[in-house]
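Me: I would like to go through this model with you, one question at a time, and I would ask that each answer show how it was reached.

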Amino acid sequence: QVQLVESGGGLVQAGGSLRLSCATSGLTFSSYSMAWFRQAPGKEREFVARIIRGGGPTAYADSVKGRFTISRDNAKNTVYLQMNNLKPEDTAVYYCAADLRATMNPRYWGLGTQVTVSS
């Protein structure tokens, strides 16, 4: 059974930082492309960042480029999202997702972690 469990969300002031983690189990982690998505209240879920299996190329939404960094530790089966210079518009539930392909519709999803940025 595949499980993705996010952690590290919370309340932070604008300009602050948070590091999200997503611990996985039940899959061959190094074979999976891992991604972060987010969904703000009243909005559709949107892509944030992706890292290809094995720690290869990364991709970011324009809105987070230069502020967020995605990374992975294949030994710990965990993917991270370092978020710096947070803005109120980054407030959302952040979801971790996994798929064998680099797709905008991953097969496996976590339950999400809330990030709230106050102004």
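Me: Over the ring of which residue does the charged end of Arg45 sit?
Reply: Please keep in mind throughout that this is a predicted model. A charge is taken to sit over a ring if CZ of Arg is within 6 Å of the ring centre and within 35 degrees of the ring normal. The charged end of Arg45 is placed over a ring at 3.8 Å from its centre, and that ring belongs to Trp109.

Me: Is Trp109 buried, partly exposed or exposed?
Reply: Buried means under 20% relative accessible area and exposed means over 50%, with partly exposed in between. The relative accessible area of Trp109 is 26%, so Trp109 is partly exposed.

Me: Which arrangement do the rings of Tyr95 and Trp109 adopt?
Reply: A pair of aromatic rings is described by the distance of the centres and the angle of the planes. For Tyr95 and Trp109 the centres are 6.5 Å apart, and Tyr95 itself is buried, with a relative accessible area of 15%. Tyr95 belongs to strand E9 (residues 92–99) and Trp109 to strand E10, so the pair ties together parts 14 residues apart in sequence. Because the planes stand at 80 degrees, and planes over 60 degrees apart count as edge-to-face, the pair is edge-to-face.

Me: Which residues do ring pairs link into a cluster?
Reply: The structure holds four aromatic pairs. Ring pairs link a cluster whose members are Phe37, Phe47, Tyr95 and Trp109.

Me: How many residues apart are Tyr32 and Tyr108 in the chain?
Reply: The rings of Tyr32 and Tyr108 have their centres 6.3 Å apart and their planes at 55 degrees, so this pair is tilted. Both Tyr32 and Tyr108 are buried. Tyr32 lies in the loop between strand E3 (18–25) and strand E4 (33–39), while Tyr108 lies in strand E10 (residues 108–109), and this pair linking distant parts of the chain spans 76 residues.

Me: Over the face of which residue does Arg19 lie?
Reply: Arg19 is one of the residues touched by Leu81. The distance from Arg19 to the ring centre is 4.0 Å, and the ring whose face Arg19 lies over is that of Tyr80.

Me: What is the order of the strands in the four-stranded open sheet?
Reply: The edge strands of this sheet are strand E1 (3–7) and E7, each of which pairs on one side only. Between E1 and E3 there are five bridges in an antiparallel arrangement, and E3 and E8 pair in the antiparallel sense over six bridges. The pairing in the sheet is antiparallel, and the order of the strands is E1-E3-E8-E7.

Me: Which residues make up the uncovered face of E1?
Reply: In a regular strand the side chains alternate between the two faces of the sheet. The covered face of E1 holds Leu4 and Glu6, and the uncovered face holds Gln3, Val5 and Ser7.

Me: Is Arg67 buried or exposed?
Reply: Arg67 is placed in the loop between strand E6 (58–60) and E7. Its contacts, not counting residues up to four places away in sequence, include Gln82, Met83, Asn84 and Asp90. With a relative accessibility of 8%, which is under the 20% cut-off, Arg67 counts as buried.

Me: What is the phi of Asn85?
Reply: Most residues other than glycine have a negative phi. Asn85 lies in the loop between E8 and E9 and counts as partly exposed, at 42% relative accessibility. The phi of Asn85 is a positive value in a residue other than glycine, near 50 degrees.

Terms used
Residues are numbered from 1 along each chain as its sequence is written. This is a predicted model: local features need pLDDT of at least 70, side-chain atom pairs count only at pLDDT 80 or more; totals for chains, interfaces and linings use all residues. Side-chain values use heavy atoms; hydrogens and water are left out. Rings of Phe, Tyr and Trp (its six-membered ring) pair if their centres lie within 6.5 Å; planes under 30 degrees apart count as stacked, over 60 as edge-to-face and the rest as tilted. Helices (H or I, at least four residues) and strands (E, at least two) are DSSP runs, numbered from the N terminus. Buried means under 20% relative accessible area, exposed over 50%, partly exposed in between (1.4 Å probe, protein chains only). Contact means heavy atoms within 4.5 Å. Two strands pair if DSSP finds at least two bridges between them.
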